[in-house]
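Trainee: Could you take me slowly through one part of this model, the surroundings of the ligand and the sheets and helix that belong to them?

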Amino acid sequence: MLKIENLRKSFGGVAATNDVSIEFPRDSLCAVIGPNGAGKTTFFNLISGALQPDSGRILLDGQDIVGKSSAQIVHMGIGRAFQVAKLFKSLTVEQSLRGALLSPLGKSSSLAGRFPLSVTRDRAYEVMDQLGLTPKANVISGVLSHGDQKLLDMALALVLSPKVLLLDEPVAGMGPEEREQMMDTVYGLWKNGGLTIVLIEHDMEIVFKVSQNIHVLSYGKVLAEGTPEQIRKNPVVIEAYLGSAKERAA
Ligand SMILES: Nc1ncnc2c1ncn2[C@@H]1O[C@H](COP(=O)(O)OP(=O)(O)OP(=O)(O)O)[C@@H](O)[C@H]1O
Ligand SMILES: [Mg+2]
């Protein structure tokens with residue numbers, strides 16, 4: 001479904017993505033983990049078209065999407081939520097979702113005329129219902145709690161019915177209760193079927209609990225990959241990542 005081949009991206013002398021090859025099977029929930037600066041967000045920036053790779057291929061259902069614009073990639077079915085939520089802060093939740101629904105189609109007034117407003121409304125409410133955001137439909141996005149802003153960011157991707165959803169640290173900055181709620185929501189979305197989710201997450205407990213496959217990045221390279229069980233036992237991972245995390249916590 002989503003197959004990354006020999007992807008490379010350097011910034012000056014830093015190889016942020018250094019010959020990365022990963023395959024994400026259809027309808028799987030996979031995690032990409034690794035220490036700060038490992039290249040996780042860069043990896044998503046390359047897939048979503050925010051950055052162009054120096055070399056390599058990104059195949060979505062066999063079609064290479066390298067060189068396509070972010071808008072084209074969204075259109076082809078790759079949605080993305082950001083490490084720091086990107087919102088239309090002055091719009092309400094409902095307006096934001098309806099705006100997102102129109103924007104990849106061109107967002108022109110003539111087009112809005114051809115696209116029945118009831119359709120955007122229904123789809124916005126469908127997604128708000130799915131994520132528990134309906135009570136906040138008329139709240140201005142900028143004043144939502146941090147957790148609800150992260151939810152809305154995810155909703156903005158979901159409203160376009162992606163095949164693949166890239167989630168960059170969906171529970172970052174949340175308290176324990178909010179984290180659990182968010183992960184229940186993500187897991188519920190995935191269980192519903194029809195969605196391939198790639199999750200970047202620092203919280204090992206969460207990653208081990210929900211992922212089918214885990215890919216560990218370190219200094220831009222794939223250090224290890226496998227099931228949660230395999231990753232938990234992998235001495236290289238323990239040394240390079242879990243070990244250093246323990247040191248930091250100590
Ligand atoms: N636009 C950019 N320009 C220059 N350097 C960049 C840019 N984006 C990322 N980098 C560098 O690339 C490396 C990987 O960064 P990236 O943000 O992908 O890491 P990350 O794994 O997402 O880290 P974190 O866990 O802190 O979010 C870092 O050394 C970073 O400084
Ligand atoms: Mg990051």
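Mentor: The mean pLDDT of the protein is 91, and 91% of its residues reach 70 or more, where pLDDT is the predictor's confidence in each residue, from 0 to 100. Over residues 106-111, however, the pLDDT is below 50, and beyond near neighbours in sequence this stretch has 3 contacts in the model, a contact being two residues whose C-beta atoms, placed from the backbone, lie within 7 Å. This is a predicted model, in which local features need pLDDT of at least 70 and side-chain atom pairs count only at pLDDT 80 or more, while totals for chains, interfaces and linings use all residues. Residues are numbered from 1 along each chain as its sequence is written, and chains are lettered from A and ligands numbered from 1 in the order in which they are written.

The protein has 10 helices and 10 strands; these are DSSP runs, numbered from the N terminus, with helices being H or I of at least four residues and strands being E of at least two.

Now to the ligand. Around ligand 1 stand F11, V14, A16, G34, N36, G37, A38, G39, K40, T41, T42 and Q83, a residue being counted as near when its C-beta atom, placed from the backbone, lies within 6 Å. Two elements, β2 (14-24) and α1 (40-47), each give two or more residues to this shell, and the largest share, 3 residues, comes from α1. By type, the shell divides into 4 nonpolar, 7 polar and 1 charged, where Ala, Val, Leu, Ile, Met, Phe, Trp, Tyr, Cys and Pro count as nonpolar, Asp, Glu, Lys and Arg as charged, and the others, Gly among them, as polar.

Follow β2 next, for it belongs to an open sheet of 4 strands in the order β2-β1-β4-β5, with antiparallel pairing; strands pair if DSSP finds at least two bridges between them. Because β2 and β5 (63-64) stand at the edges, each with a single partner strand, one side of each is left without a neighbour in the sheet. The antiparallel strands β1 and β2 are joined by 8 bridges, and K9 has T17 in β2 as its bridge partner. These two strands form a hairpin with 2 residues between them, and G12 in the turn has a positive phi of about 60°. On to β4 (residues 55-60), which runs antiparallel to β1 (residues 2-11) and is joined to it by 5 bridges: here R8 has S55 as its bridge partner, and E5 has R57. In a regular strand the side chains alternate between the two faces of the sheet.

The helix α1 lies across β1, β2 and β4, running at about 65° to β2; axes are lines fitted to C-alpha atoms, for helices over the stretch in contact, and angles run from 0 to 180 degrees between N-to-C directions.
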